[in-house]
Amino acid sequence: MADLSGKERADYVRVMFDRIAGRYDLLNRIISGGQDMKWRRFVAEAADLPANGRLLDIATGTGDIAFEALKLAPGTQAVGADFALGMMRVGRRKAPYGERVAWTGADALALPYADGSFDAVASGYLMRNVVDIPRALSEQWRVLKPGGRIVILDTSPPPDNALKPFILLHLKIGVPLLGRLLGGSAVGDAYRYLPESTQAFKTPEELKELIERAGFGAVRFRRFMFGTMAAHWGVKRMATGQMQAGRN
């Protein structure tokens, strides 16, 4: 599944997420041991939104990053965008923030927003699933205001250390088994994709380099969960002659 490419891969990912939408939040809580909400809170904090700032949560899923931003800054204008409409339908029903997010069907490779529309663009588990990472980053750069923040949360290949065999065992056997037990065979099949796509994805160092090539500066990252998860953040570089307004 992880070796699919182009439209075939995109269609597979969209159908997969729509299929598991009803169980997605529960499975994330269990598989991560409840840590996934802390990671999403970290993403919202790293977005460093100004008062009444505009946030794009791309590949929003059920909206948890947008919700965390609204908790931190109630005046935030949060836009949740995804091509998996079933995921957003679940998110829209979630109280108390579901009705405060502007839900939008969108393709991460062709965002339907004007240049410089947002103060921050955040994503959770998007980059591992797109068919063209540089293009997705370019689109996020385009819709950000000068000096705006990009924040990316995604899985990472297990680092080479003594824990790697146990992590791979959990990814290859434990995660699909939990999916099957909690959601049936369809969900279990979907969660086979997670370890496959994680092992095939960029290392944090490789992703950092791609983010910098896309025009972002001050790019940093932080690993979580024994190095199998990473959050990256950076700032849209200012054009020559412009001055950054206050945030760092």
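Q: Contact means heavy atoms within 4.5 Å. Leaving aside its neighbours within four places in sequence, which residues is Asp82 in contact with?
A: This is a predicted model, and in it Asp82 belongs to strand 2, residues 77-82. Once the neighbours within four places in sequence are set aside, the contacts of Asp82 are Ala59, Thr60, Gly61, Met88, Thr104, Gly105 and Ala106.

Q: Asp82 is buried yet has no salt bridge, but which is the nearest side chain of opposite charge?
A: A salt bridge would need a side-chain nitrogen of Lys or Arg within 4 Å of a carboxyl oxygen. For buried Asp82, the nearest side chain of opposite charge is 8.7 Å away, and there is no salt bridge. The residue in question is Arg14.

Q: Which residue has its backbone nitrogen 2.8 Å from a polar atom of the Asp82 side chain?
A: Asp82 has no salt bridge. Still, a polar atom of its side chain lies 2.8 Å from a backbone nitrogen, and that nitrogen belongs to Ala84.

Q: What angle do the planes of the Phe42 and Phe224 aromatic pair make?
A: The structure holds seven aromatic pairs. In the one formed by Phe42 and Phe224, the centres are 5.4 Å apart and the arrangement is edge-to-face. Over 60 degrees counts as edge-to-face, and the angle between these planes is 75°.

Q: Why is the pair of Phe42 and Trp233 edge-to-face, and what is the angle of their planes?
A: Both Phe42 and Trp233 are buried. Their ring centres lie 5.5 Å apart. Planes over 60 degrees apart count as edge-to-face, so this pair qualifies, with its planes at 65°.

Q: In which strand does Trp233 lie?
A: Phe42 sits in helix 3, so its pair with Trp233 ties together parts 191 residues apart in sequence. The strand holding Trp233 covers residues 229-236 and is strand 7.

Q: Is Phe226 buried or exposed?
A: Phe226 is found in the loop between strand 6 and strand 7. Its phi is positive, about 60°, although it is not a glycine. The cut-off for exposed is over 50%, so at 61% relative accessibility Phe226 counts as exposed.

Q: What is the relative accessible area of Asp48?
A: Asp48 is another non-glycine with a positive phi, about 50°. Its place is in the loop between helix 3 and strand 1 (54-58). Asp48 is partly exposed, with a relative accessible area of 30%.

Q: Which peptide bond is cis, with omega near 0°?
A: Look in the loop between helix 5 (85-92) and strand 3 (102-105), where Pro96 is placed. The cis bond, with omega near 0°, runs from Ala95 to Pro96.

Note on methods. Residues are numbered from 1 along each chain as its sequence is written. This is a predicted model: local features need pLDDT of at least 70, side-chain atom pairs count only at pLDDT 80 or more; totals for chains, interfaces and linings use all residues. Side-chain values use heavy atoms; hydrogens and water are left out. Rings of Phe, Tyr and Trp (its six-membered ring) pair if their centres lie within 6.5 Å; planes under 30 degrees apart count as stacked, over 60 as edge-to-face and the rest as tilted. Helices (H or I, at least four residues) and strands (E, at least two) are DSSP runs, numbered from the N terminus. Buried means under 20% relative accessible area, exposed over 50%, partly exposed in between (1.4 Å probe, protein chains only). Lys and Arg count as positive and Asp and Glu as negative; His and the chain ends are not counted. A polar contact is a pair of N or O atoms within 3.5 Å; within protein, one must be able to donate a hydrogen and the other to accept it, and residues adjacent in sequence count only if both atoms are side-chain atoms.
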